Amino acid sequence: ILVPLSVWQANVEKLSGRMAKGEVGIVIATHEPLETLAATFSDINELPLIAVFVERFPDGRIFTLGNLLRTRYGFKHELRAIGD
């Protein structure tokens with residue numbers, strides 16, 4: 001399942017079992033700082049999937065976020081764009 005980062009933070013106890021099974025991915029919006037995501041997880045590679053929500057197609061921040069997730073944060077799993 002894909003859940004917004006804020007929903008994950010509010011329901012960690014309920015969702016942690018599914019996370020351990022690799023069943024939970026996180027959705028972040030292009031306006032959310034990646035530092036919040038990195039601070040939420042000791043290792044973001046616990047996540048099998050990170051989806052970035054794009055409101056408008058011409059929003060180029062998605063490419064920057066994807067690049068930062070790979071280079072700065074070392075995310076090795078699936079990245080997805082969702083939205084427009």
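**A walk through a predicted fold**

Visitor: With 84 residues, what radius of gyration does the protein chain have, and why does that agree with a compact globule?

Guide: This is a predicted model, where local features need pLDDT of at least 70, side-chain atom pairs count only at pLDDT 80 or more, and totals for chains, interfaces and linings use all residues. Residues are numbered from 1 along each chain as its sequence is written, and side-chain values use heavy atoms, leaving out hydrogens and water. The radius is taken over C-alpha atoms, and the globule rule is 2.2 Å times the number of residues to the power 0.38. For 84 residues a compact globule would come out near 12 Å, which agrees with the chain's own 12 Å.

Visitor: In what order do the elements run from the N terminus on?

Guide: Helices (H or I, at least four residues) and strands (E, at least two) are DSSP runs, numbered from the N terminus. The chain has four helices and four strands. Their order is β-α-α-β-α-β-α-β.

Visitor: Which residues does I28 contact, leaving aside its neighbours within four places in sequence?

Guide: Contact means heavy atoms within 4.5 Å. With those neighbours set aside, the partners of I28 are L5, L34, L37, I50, A51, V52 and F53.

Visitor: Where do the buried residues of α4 sit, and which residues are they?

Guide: Buried means under 20% relative accessible area, exposed over 50%, partly exposed in between (1.4 Å probe, protein chains only). The arc uses directions from the helix axis to the C-beta atoms. The buried residues of α4 are I62, L65, G66 and L69. Seen down the axis of α4, they fall within an arc of 100 degrees, so they line one face of the helix.
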